[in-house]
Amino acid sequence: MSKKPIIVFEGIEGTGKSYHIDKIAKYLKKKNRSFIKIREPGGNVNSEKIRKLILNNNSTFNKYTDLLLYLSARSENVELIRKNVGKKIILIDRFSDSTIAYQHYGMGIKIEFIKTINDFLIKGININFTFLNTVSQRNMRKRLIERKNLNRYDKFNHNFYKNVQRGFVKILKKNPKRYMHVNSNLDIKHNEKIILDKIKNLI
Ligand SMILES: Nc1ncnc2c1ncn2[C@@H]1O[C@H](COP(=O)(O)OP(=O)(O)OP(=O)(O)O)[C@@H](O)[C@H]1O
Ligand SMILES: Cc1cn([C@H]2C[C@H](O)[C@@H](COP(=O)(O)O)O2)c(=O)[nH]c1=O
């Protein structure tokens with residue numbers, strides 16, 4: 001019987017999460033497999049409103065407000081996820097690991113505080129597999145420069161992204177079987193193939 005896992009794509013800016021998730025979505029469509037695709041923050045009307053607020057270049061929220069807004073955006077997604085668990089494949093562009101990586105490892109908010117609220121919100125939702133995409137600072141900068149618009153979270157300093165990416169790797173190391181480390185400094189087509197091979201295995 002085919003499986004319908006929840007699959008998350010994580011990583012700092014410009015690691016190719018959106019690129020790879022779109023490729024997988026195209027593959028699933030071609031194969032007539034039912035799936036939903038969500039991005040965080042965002043993914044539905046209310047959550048997209050919150051996304052605009054957080055990432056707007058004129059916003060000046062403090063780190064706790066940001067955390068609570070990211071969690072609010074997630075809160076607006078959990079119902080949709082719960083409704084589809086086991087019925088459709090669920091692809092998510094960023095989820096809880098991003099909150100731990102950015103708000104704890106990047107911004108220094110206590111991990112227990114984040115986990116208390118997050119675990120309450122996502123109770124019963126288990127991520128089956130995560131692709132963690134990493135990138136060198138040089139390639140990340142090169143890819144960001146090519147973008148027409150940069151948002152508020154695309155503009156942190158070198159150290160911030162270094163800490164966030166290290167944080168992601170620490171999270172992976174706690175549970176390595178549930179993750180695949182994708183080195184996005186390597187050829188994009190090579191990575192596309194290894195991700196697709198793993199997806200075929202997961203579904
Ligand atoms: N080896 C590579 N792996 C991934 N992306 C690459 C690679 N080489 C070039 N790119 C380009 O880098 C860009 C990555 O952008 P993409 O939006 O997919 O990243 P992202 O991780 O979703 O970023 P963000 O979190 O900032 O939204 C794409 O335009 C992609 O074509
Ligand atoms: C879910 C989540 C996201 N973030 C950050 C990560 C990125 O900088 C932006 C989202 O932009 P993208 O273009 O969709 O990658 O938000 C965060 O700090 N905390 C979170 O929980």
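Asn-32 is found in the loop between helix 1 (17–30) and strand 2, where helices (H or I, at least four residues) and strands (E, at least two) are DSSP runs numbered from the N terminus. The model is predicted, and local features need pLDDT of at least 70, side-chain atom pairs count only at pLDDT 80 or more, and totals for chains, interfaces and linings use all residues. Residues are numbered from 1 along each chain as its sequence is written, while chains are lettered from A and ligands numbered from 1 in the order in which they are written.

Although Asn-32 is not a glycine, its phi is positive, at about 60 degrees. Asn-32 counts as exposed because it has 6 C-beta neighbours inside 10 Å, the classes being buried if 20 or more other C-beta atoms, placed from the backbone, lie within 10 Å of a residue's own, exposed if 12 or fewer, and partly exposed in between. Arg-94, in the loop between strand 3 (89–93) and helix 4, likewise has a positive phi, near 80 degrees, but Arg-94 is buried, with 24 other C-beta atoms within 10 Å. Most residues other than glycine have a negative phi, and most peptide bonds are trans.

Arg-94 is also among the residues surrounding ligand 2, as are Glu-40 and Pro-41; the shell comprises residues whose C-beta atom, placed from the backbone, lies within 6 Å of the molecule. The peptide bond from Glu-40 to Pro-41 is cis, with omega near -10 degrees, and Pro-41 is found in the loop between strand 2 (35–39) and helix 2 (45–55). Helix 4 (residues 96–106) supplies the largest share of this shell, 4 residues.
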